[in-house]
Structures are given as C-alpha cells and as structure tokens.
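I opened my notebook to work through one structure.

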Amino acid sequence: FESVQRYDGLFTGDGLTLDLHTDLVNGDRIQARSNAVRMDMSEVWQNARMHSARGFTALVLGVEEAILYTALHSLRHSFRRLTWFVDFHLLMKARPDWQAVERKALQWNSTKSIHYCLHYLEDHLSHPVSGAPTTADLPRLGLAESFLLGRLSATRPESEWGEILWSFSCDGMAGKASFLWEFLFPRPDVLMQIFPRIPRVLIPLAYGLRAVQLLLRGSRQLGMLAKSAPTLH
C-alpha cells in the first residue's frame, strides 16, 4: 500500500483503500469530540484481548470497551445499520458485568450514548435487551433528547440527528456549540474525506459546498419530519 498524500492515514493498493485511524472516535482529526468523550487509547490497548475465530487470531477490544464503542458508533451514524445492533446483541450474550460497563461509561463520559442505545432498542423490540437494565431503571431523558431520539427512526438513512444527540454528552453550552460547529464545518483535512474528488488546493472552496450539502440534507429531513408528525383530528 502507498500513501496517496491526500491526508494522513490514507493508503491505496491493489484496488483497495485503507483509511487508518489511531483513535476510535477519530478525535485526532475532529478535535471537538474530546468534549463528548474521554477515551484513553493507551488503556484501550491495555485492555484488549486475543480472540480466535475460523482459524484466525486477532487482538480485539475488551468486552466493556466493545459494548460502549458499539453503542457510540451506532449513535454517531444515527442507528442506520442493523449490523451494529447484531454486534451489540452478541456482546450482551457474553453476559458482561453491567456495573463494570457503567463504570467504564462514566470514565469515558459515554453514559448518555449507551442509554440512548438502550432506549432505541427497547422502542423497537418486543422485550428489553437481555442482560441490560430496562429504560425504567435509567435516568429520564430530557424533552430535546426524547425528540431527537424519536426522529432517528423517521429520517434514516441519511440523518445527522445522531451526531446532534451525541452533543448532549458535552459539558456546557460552549462544549456543545464547539462540537456541533466542527461537525458542521470541520477542518480542511476532514473536508478532504467528505469531498474526496475535490483537488487539495481547492479544498477551502469546499466550505461553500458543505453549506449547500447541509442545507439540502436539512430540507430533506425537515420534509421527512413533517411527514412523520402525527396528524391531529
């Protein structure tokens, strides 16, 4: 594989592209995410474990880290894919120590993301998630959180609601505003990932395209929101 020199960590070879991350939430590129999650990658590596399947052995996340990251990753992408919930189900089948999961969630500042995941699953399943507390045992969601969580079902597959909901993990209005601003208008090296066909020298002009992209997506999602609203009789 060879670097294409578009941005650090991007390599291509034999028809395949690798985008290497050194941070599970890409916090080294989107720095405002440090307001929403406190993840020590050295500890993540320390708690990793060896796992063998179908003749292959690999280093994988520890159980608590895997549960929290699966919930966080699915929230970031607005719960778009069933595969993340399958992963969550398989992790819960291992009967983890839920108190240990909650302690790790507090340490990572990821309590809200795991609670959002449990609320979402309980709303869509006929029974609570096995091995996890029911939503009745969790802190009540605020009105804005409940509204955003409800919109995730109505506006898939292209939705930014999950990223907006994640901002509620940030402390204070300044932290939330910084998180959302960098999500909406990220640094140039991140824009190069969003618009991979634009030449590097023209990336500053991509902020206009980003504004148009957000406007079109926002208009589409508002239309879907209007259609999903209950009709009054």
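Buried means under 20% relative accessible area, exposed means over 50%, and partly exposed is in between. I keep those cut-offs at hand. I also note that this is a predicted model.

**Entry 1: a pair that is partly exposed**

I looked up Arg187 first. Its relative accessible area is 28%, so Arg187 is partly exposed. Asp189 has 26%, so Asp189 is partly exposed too. Arg187 and Asp189 form a salt bridge, with the closest N and O atoms 3.5 Å apart.

**Entry 2: other salt bridges**

How many salt bridges are there? I get a count of 6.

Next I took Arg33. Arg33 forms a salt bridge with Glu163, and the closest N and O atoms are 3.3 Å apart. Arg33 lies in the loop between strand E3 (16-19) and H1, while Glu163 is in helix H7, so the pair ties together parts that are 130 residues apart in sequence. Is Arg33 buried or exposed? Arg33 has 6% relative accessibility, so it counts as buried. Glu163 also has 6% and counts as buried.

Then I checked Lys104. The side chains of Lys104 and Glu43 meet in a salt bridge, 2.8 Å from N to O. Lys104 is in helix H4 and Glu43 is in helix H1, 61 residues apart, and the pair links distant parts of the chain. Both Lys104 and Glu43 are buried.

**Entry 3: the nonpolar cores**

I turned to the largest nonpolar core, which has 41 residues. Which members touch the most others? They are Met39, Ile67, Phe79, Phe88, Trp98, Leu149 and Trp166. I noted the helices that each supply at least two residues of this core: H1 (41-46), H2 (63-76), H3 (82-93), H4 (98-108), H5 (111-124), H6 (143-154) and H7 (161-166). H2 gives the largest share, 7 residues. There is a second, separate core of 8 residues. Its members include Tyr7, Leu10, Phe195 and Ala206.

**Entry 4: helix H4**

I found Trp98, Ala100, Val101, Lys104, Ala105 and Trp108 buried in H4. Seen down the axis of H4, the buried residues fall within an arc of 155 degrees, so they line one face of the helix. I reminded myself of the general rule. An α-helix has 3.6 residues a turn, so residues three or four places apart point the same way.

What covers the buried residues of H4? The cover includes H1, H2, H3 and H5. On the other side of H4, Gln99, Arg103 and Leu106 are exposed.

I checked the ends last. Asp97 caps the N-terminal end of H4, with a side-chain oxygen 3.1 Å from the backbone nitrogen of Gln99. Asn109 follows H4, and its phi is positive, near 60 degrees.

**Entry 5: cysteines**

I searched the whole structure for disulfides and found 0. Cys117 is buried, with a relative accessible area of 1%. Cys170 is buried as well, at 3%.

Notes: Residues numbered from 1 in each chain as written. Predicted model: local features only at pLDDT ≥ 70, side-chain atom pairs only at ≥ 80, totals over all residues. Heavy atoms only, no water. Core = buried A, V, L, I, M, F, W, Y, C linked by side-chain atoms within 4.5 Å. Buried < 20%, exposed > 50% of the residue type's maximum accessible area, 1.4 Å probe, protein only. Helix = DSSP H or I, 4+ residues; strand = E, 2+ residues; numbered from the N terminus. Salt bridge = Lys/Arg side-chain N within 4 Å of Asp/Glu carboxyl O. Disulfide = S-S within 2.5 Å. Arc of directions from axis to C-beta. Contact = heavy atoms within 4.5 Å. Polar contact = N/O pair within 3.5 Å; in protein donor to acceptor, adjacent residues only side chain to side chain.
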